Protein chains: 2
Amino acid sequence: MPTSGDASPPIYRVKADFFRLLGHPARVRVLELLRDGERTVGDLRSALGLDSGGTSQHLTTMRRQGVLDSRRAGTNVYYRVKDPRTFQLLEVARQILSAQLEESRGLLGELSAVEFVPADGATDADHRSR
Amino acid sequence: MPTSGDASPPIYRVKADFFRLLGHPARVRVLELLRDGERTVGDLRSALGLDSGGTSQHLTTMRRQGVLDSRRAGTNVYYRVKDPRTFQLLEVARQILSAQLEESRGLLGELSAVEFVPADGATDADHRSR
DNA sequence: TCAACATCTTCGAATATTCTAAGACACCAA
DNA sequence: TTGGTGTCTTAGAATATTCGAAGATGTTGA
């Protein structure tokens, strides 16, 4: 068996492609809309507020990369998420982001507490000026 | 408390920005290199094979978005991953991708088994021509 | 202060992605 | 077979990201 034409790209590139695929608001929404089952293109289109061309483009991209799967039923096409672990990805991202939010909210609190000045004026995270 | 100047963007946009940040081979590698602890810019630079400008650019981007954190020690700057859950993201992505690989490998096997023809010529996944 | 080193910034060119609009195609019901 | 609906494709313009090169800044030790 031949090692086929295109040398398979390094893992970190495959991963990057995969994350880049998720790196678009409309595509994140598609995943969220598909969280509880398949939907037709029309459903998604109206939920996203895109025209059918744009919707189709995103869906096609995601299917090509193996994130989505589709099935035709009459004149409609139903899309679904292929691997449920994809939702785990969204969930972990949500956790990370809400932790960030919490932290920055904390900093904001400190900021407004003008009266309080820590013993050592400069914090560790302070080494970049600008 | 005022709702501050910039209306906070919808969650799906924040998530998308976050994934897009991970959507670059060099940045994925940085995360992998930081899996077991902090590294200096120079370490990362030589591992990535970039010039110091490019390295700095990626690191700065990741720090601005809150994925990395840095500390200066003398003339060096050490970077580290801020939230360990970030690695979980990489891990889940790896799982999804290797499942995909396995599946396509399976299809490839079928493909080379030219003799075998299923009872019904068309499969379900076959509704898109082209 | 100066030289050496590490890191950061900036800017324009190169490249990639997304948007928009127009029309093509597939399927169903009449 | 024809019209209507739903989905897909394409191509070029608009926009965003990345690359490469040059130099600025900050830190240490002499």
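This is a predicted model: local features need pLDDT of at least 70, side-chain atom pairs count only at pLDDT 80 or more; totals for chains, interfaces and linings use all residues.

**The interface of chain B and chain A**

A salt bridge joins the side chains of Glu103(B) and Lys82(A), with 3.4 Å from N to O. In total, the rule finds 4 salt bridges across the interface of chain B and chain A.

Polar contacts are counted separately. Between chain B and chain A there are 10 residue pairs in polar contact, with both residues at pLDDT 80 or more.

Which elements of chain B each supply at least two residues to the side that touches chain A? They are helix H1 (11–22), helix H2 (25–33), strand E2 (68–73) and helix H5 (85–112). Of these, H5(B) gives the most, with 15 residues. By residue type, the side of chain B that touches chain A divides into 18 nonpolar, 10 polar and 14 charged residues.

The extent of the interface can be given in two ways. As a count of residues, 42 of chain B are in contact with 43 of chain A. As an area, the two chains bury about 3900 Å² between them, and 67% of that lies on carbon and sulfur atoms.

Next comes the relation between the copies. The same surface serves both copies, as 100% of the contact residues of chain B recur in chain A.

E2(B) is joined by 6 bridges to strand E3 (residues 76–81) of chain B, and the two run antiparallel. Within this pairing, Arg71(B) stands opposite Tyr78(B) in E3(B). E2(B) and E3(B) form a hairpin with 2 residues between them, and Gly74(B) in the turn has a positive phi of about 65°.

In chain A, 3 strands form an open antiparallel sheet in the order E1-E3-E2. Strand E1 (39–40) and strand E2 (68–73) of chain A are the edge strands, each pairing on one side only. E1(A) pairs with strand E3 (residues 76–81) of chain A over 2 bridges, in the antiparallel sense. Arg39(A) stands opposite Tyr79(A) in E3(A).

Note on methods
Residues are numbered from 1 along each chain as its sequence is written. Chains are lettered from A and ligands numbered from 1 in the order in which they are written. Side-chain values use heavy atoms; hydrogens and water are left out. Contact means heavy atoms within 4.5 Å. Buried area is the accessible area (1.4 Å probe) that two parts lose on being put together, summed over both. A polar contact is a pair of N or O atoms within 3.5 Å; within protein, one must be able to donate a hydrogen and the other to accept it, and residues adjacent in sequence count only if both atoms are side-chain atoms. Helices (H or I, at least four residues) and strands (E, at least two) are DSSP runs, numbered from the N terminus. Ala, Val, Leu, Ile, Met, Phe, Trp, Tyr, Cys and Pro count as nonpolar, Asp, Glu, Lys and Arg as charged, and the others, Gly among them, as polar. Two strands pair if DSSP finds at least two bridges between them.
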